[in-house]
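Keep the sequence and the model side by side.

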Amino acid sequence: MKPASFDYYRARDLDVATAVLAEHEGAARILAGGQSLVPMLNLRLAPVAMLVDVGDIAELRQGARDGDGVRIGACVTHAAIEDGAVPDATRGLLGRVAAGIAYRAIRTRGTIGGSLALADPAAEWPVTMLALDATVRVHGPHGKRDIAMRDMVLGAYTTAVEEAEIVESIAVPALSAGARHGVFKVCRKTGEYAASIGVAVSDREAGRHALALGGLTGGPARLGRVERRLSEIEAWSAETGEAIREAAVADLAERDDEMSEDERGLHAATAVRTVKDMIAP
Amino acid sequence: MRTTRHTDDGGGTGPMDGAEGSKGIGGRVLRNEDARLVSGRGQFLGDIAMPGIRDVAFLRSPVAHARIAGIDIPDDIRAFVHTAEDFEGVAPIRATAGVPGFKSSDYPALAKGKVRFVGEPVALCVAPSRAEAEDIAQQIFVDYDELPAVVDMDAALERGAATVHDDWGGNLVCELKIDQGDMAEAEAAAAHRVEGEYRLSRQAGVPLEGRGVLAYRDHRLDELVVYSSTQFPHVIRTILAECIGIEERRLRVVAPDVGGGFGVKNNLQPEEIALAALAMRVDHPVRWLEDRREHLLGCAHAREHRYHLVGHVDERGRILAVDARIRVDAGAYSVWPWTAAMEAGMAAGILVGPYDIRTYRARAATIATTKTPMGPYRGVARTGACFGIERLIDDIAAAVGRDPAEVRLENMVRPEQMPYRTVTNKVFDSGDYPESLRRAVEAIGRDAVAGREAEALADGVRIGVGVASYTEQTAHGTEEWVARGLPVIFGYEPATARMTPDGGLVLEVGIQNHGQGLETTLAQVAHQELGIDPAKVAVRHGDSSLSPYGMGTFASRSMVMAGGAVGLACERLREKMLKIAAHLMQVADPTEVMLLDGRAVAGNRSVGFGEIGAAACLHPERLPPGLDPGLEVTAVYQPGVGSGAFSYATHAVRVAVDPELGTVRLLDYVVAHDCGTVVNPMVVEGQIVGGVAQGIGTALYEEIPYDEHGQPLASTLMDYLLPGATEVPDIRVIHTCSPSPHTSYGIKGLGEGGAIAPPAAIANAINEALRPLGARLDETPISPARIRAAVRAARAGKREAAS
């Protein structure tokens with residue numbers, strides 16, 4: 001389990017990195033934290049001619065306030081977010097999600113941009129950013145463009161980011177002072193990928209209610225019927241839970257009619273527990 | 001990890017009571033080996049550097065079952081590739097068992113003609129680095145003429161199934177039959193017939209350090225030197241010499257620091273043969289380091305057992321008879337020396353557990369499949385047997401409406417029956433089995449469970465408690481191994497004790513310490529005999545050129561066997577030391593001399609060990625007339641009986657099960673155990689906790705499933721889950737002490753016990769938690785998907801019953 005030989009380029013700025021990527025026409029891969037890519041290289045699953053390391057590009061390593069919200073550089077690590085080393089506008093949601101990713105050793109190297117660009121169906125950031133209506137900014141041969149999270153993940157390990165484009169940053173809108181959030185993850189052991197993961201946000205002031213689920217076949221999904229219920233919930237009760245479950249089952253059936261009864265039950269349970277975590281933690 | 005001890009009660013800790021502060025047997029002595037291990041200065045196989053060394057990568061079969069129609073190797077790499085045809089004259093692994101009808105198999109170092117499992121070595125590639133060796137492997141084209149895979153052990157026995165070995169005429173390796181007592185009579189007398197099918201899935205051993213081999217020719221000594229991450233270097237020397245055709249005197253096998261073995265490094269490995277044969281053919285050192293993928297595919301697997309059990313019981317749950325059909329999926333080949341037959345034989349032999357069962361029928365089939373060969377793994381067959389009988393007992397308890405602990409007490413061998421010969425001729429030497437059960441149940445809090453409905457937690461989470469009891473045959477000697485018909489009889493262990501001129505002690509032993517603390521505990525035995533500080537004792541092991549021939553570390557034997565040998569050697573060394581000391585102090589009678597804290601003392605006179613060592617080694621003129629110079633004794637120890645010293649324990653666990661998600665949390669875990677005289681309580685607790693952690697892995701996480709083509713579905717640690725620190729709760733350990741009447745100091749082995757009971761105890765707890773829902777879990781690992789499926793099936797069953 002050692003990688004086949006490859007060329008390595010340590011980029012200092014985005015334009016050069018983009019140019020190197022373009023030059024290799026799909027045979028180059030972007031190396032950020034390497035926590036998913038390097039094991040894949042070791043398994044020799046796909047030939048890679050060139051690694052473009054973007055970890056040294058200073059602008060990718062910063063997080064800053066951006067209007068009411070924050071803009072987080074693609075190479076900010078999960079650990080930096082967990083530790084509060086970048087500003088937060090989500091009332092602690094980002095830190096909480098970051099702390100649940102894999103193990104600390106992985107969090108110290110793994111990056112938020114890498115996670116979004118890889119789009120593992122079970123990963124934390126795609127589902128969280130979908131719930132937050134974040135926007136991904138990518139840098140390509142023709143300049144920068146923004147991709148709304150709703151349009152970002154096209155399927156498992158497939159995103160709207162084009163071949164020679166690099167994820168540059170993520171803009172996360174602010175939550176209001178009274179906003180609440182919930183997170184619930186089903187996984188067999190600490191550090192394991194989630195079998196199912198939910199992130200809920202309820203921001204009455206802004207009139208925004210979101211529930212996103214991950215661990216599904218393909219990319220993460222927003223559950224519209226559940227979200228409409230969220231605006232009506234005052235307190236938690238068994239009836240509330242059943243109402244959420246019914247709505248989630250309907251949403252899931254609409255999204256994927258081939259989903260097994262077991263998966264549907266599991267993801268619906270995640271939806272219920274995510275909302276419960278938000279309302280009655 | 002927190003452990004609590006209960007040594008202050010009537011149970012006592014036996015003859016070594018109050019010894020915890022001492023440096024001898026019973027003392028909580030810090031480990032000699034820890035300084036190098038915890039500071040990263042251990043020397044494992046991958047740490048050994050050697051000029052000109054080259055790395056080896058194996059090309060392994062990607063298919064389960066095929067004829068090799070051809071191997072195409074490009075000319076420019078041909079010199080760096082070796083296949084079976086380059087290893088002419090190298091013998092395959094051929095293990096034979098004494099079981100009637102046993103079919104042996106040739107397990108070649110590199111596949112010959114056919115491949116029989118995914119991961120089987122086909123070619124060996126040599127390069128300056130492992131990455132380059134893998135580049136070479138990628139350029140080899142093997143033409144596989146695929147054959148049907150043999151994946152399921154029960155299907156493998158059906159008519160028309162493909163056969164793993166062409167000349168066998170079927171896939172049955174052997175079947176062991178036991179018929180004791182009158183089954184018909186028991187059946188007729190029984191109030192209930194309780195039946196169940198209980199299964200353990202296939203898993204790997206996964207020591208922290210994978211396997212590895214480094215080999216080179218030492219021209220000065222005219223020998224081949226093989227470093228291997230093995231548990232038994234002397235025995236490997238013997239069989240390796242035979243396989244590659246070299247005299248044993250010209251072969252040295254060294255096990256350096258070994259990062260865990262657990263049994264999977266207790267087999268002759270095809271890679272050991274390949275590297276040794278390669279080193280004989282090239283002029284530079286060669287090295288192979290197993291990676292995780294190779295480990296999961298190519299290293300011996302464990303645990304895949306199926307038990308169909310019928311218990312005939314009276315209305316109180318007293319077991320009148322057990323009727324067992326056991327099947328073991330042994331994979332493609334027999335490992336040496338254990339053979340494929342060992343698992344089923346042991347499982348049938350120990351299935352009756354600590355219970356007084358006199359009517360017993362067993363049919364134990366060993367079945368070949370196109371999967372990785374099965375080998376020993378901590379607990380060996382006992383983890384499966386314990387799972388079978390302990391699940392059955394809980395089912396019996398449910399059938400008769402009694403508490404499972406009470407049903408166990410009803411059936412357990414009682415202390416006044418000791419020594420007790422079981423229906424399968426195992427001799428339980430000593431102990432109070434019911435007491436271990438009572439202590440474990442008391443500690444886990446059975447009363448609280450009676451009110452478990454009140455404890456019902458949020459989200460439908462349910463609480464359950466489970467217990468499992470077992471006996472652990474340890475340090476079995478000549479008689480047991482002869483009965484099993486093995487090619488090597490592991491009946492003894494040697495030790496050389498040598499005092500240096502400055503009064504230090506060197507112990508040379510034939511075992512291999514790879515985490516058992518033996519560099520400390522053997523020194524504690526020396527302290528017991530000589531009064532020498534364990535910190536001044538060097539324990540040397542793991543090298544066929546260093547100590548007398550020894551068998552190695554496995555089967556929970558080293559503390560009893562090597563401990564006995566060290567004790568014996570030191571006892572004889574002491575006699576000579578006393579004579580020298582008496583002479584030096586001018587005391588007429590050596591029996592008036594005592595050895596204490598590194599000095600020989602008689603009344604108010606004393607001499608240090610340094611003076612004794614100097615007289616013996618440097619100054620023969622200071623010795624008593626007629627006494628030979630030197631201070632060195634070699635002793636060989638065999639326990640008083642060959643049937644083993646039986647440790648025992650009861651594990652009790654409290655779990656919280658979420659039926660909707662299928663997740664399980666372990667809330668509390670208690671081990672009430674007895675391993676006779678404890679040499680070092682900290683080492684014992686470490687062994688128990690580590691074993692339980694692995695047992696939790698078997699119970700809840702670890703599994704290598706295969707698809708219908710014989711492809712393993714867990715070949716990286718992404719798919720193969722191991723328990724980590726957050727999955728293992730604090731284990732509370734309760735010690736009692738029933739010394740073995742047959743061993744020195746009354747020591748019993750305990751290396752494997754921790755890993756025996758957790759699957760049974762945890763499964764019993766989960767089943768108790770889910771019983772109100774009607775769900776049953778009888779197959780490990782008890783994964784969330786299996787729990788959800790069982791809950792769903794129970795609901796569907798109820799709906800059907802209602803309609």
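Start with helix α9 of chain B, which is mostly covered: 17 of its 20 residues are buried. Buried means that 20 or more other C-beta atoms lie within 10 Å of a residue's own; exposed means 12 or fewer, partly exposed is in between, and C-beta atoms are placed from the backbone. Helices (H or I, at least four residues) and strands (E, at least two) are DSSP runs, numbered from the N terminus.

This is a predicted model: local features need pLDDT of at least 70, side-chain atom pairs count only at pLDDT 80 or more, and totals for chains, interfaces and linings use all residues. Residues are numbered from 1 along each chain as its sequence is written, while chains are lettered from A and ligands numbered from 1 in the order in which they are written.

Back to α9(B). The helix covers residues 381-400. From first C-alpha to last it reaches 29 Å, close to the 28 Å expected at 1.5 Å a residue. That expected span is 1.5 Å times one less than the number of residues. B:Gly401 follows α9(B), with a positive phi near 70°. Helix α10 of chain B, residues 404-411, is also mostly covered, with six of its eight residues buried. Among them are B:Pro404, B:Val407 and B:Arg408.

The largest nonpolar core has 255 residues. Such a core is a set of buried Ala, Val, Leu, Ile, Met, Phe, Trp, Tyr and Cys residues joined through C-beta atoms within 7 Å. B:Cys125, B:Ala215, B:Ala347, B:Ala526, B:Val566 and B:Ile766 have the most contacts inside this core. Helix α15 of chain B (residues 558-585) gives the most to it, with 16 residues. Which residues does B:Ala526 contact, leaving aside its neighbours within four places in sequence? They include B:Ala497, B:Leu505, B:Val566 and B:Cys570. Two residues are in contact if their C-beta atoms, placed from the backbone, lie within 7 Å.

B:Arg292 lies in helix α7 of chain B (residues 292-298). Is B:Arg292 buried or partly exposed? B:Arg292 is partly exposed, because 17 other C-beta atoms lie within 10 Å. Not counting residues up to four places away in sequence, B:Arg292 touches B:Gly210, B:Thr716 and B:Leu717.

Step back to chain B as a whole. Chain B has 19 helices and 28 strands. Of its 803 residues, 59% are buried. Along its principal axes the C-alpha trace spans about 100 × 75 × 50 Å.

Next, the contact between the chains. Chain B gives 20 residues and chain A gives 15 residues. On the side of chain B that touches chain A, α2 (130-138) and α19 (784-802) of chain B each give two or more residues.

Last, confidence. The model scores ipTM 0.96 and pTM 0.96. Chain B averages a pLDDT of 94, and 96% of the residues score at least 70. pLDDT is the predictor's confidence in each residue, from 0 to 100. Over residues 1-16 of chain B the pLDDT is below 50.
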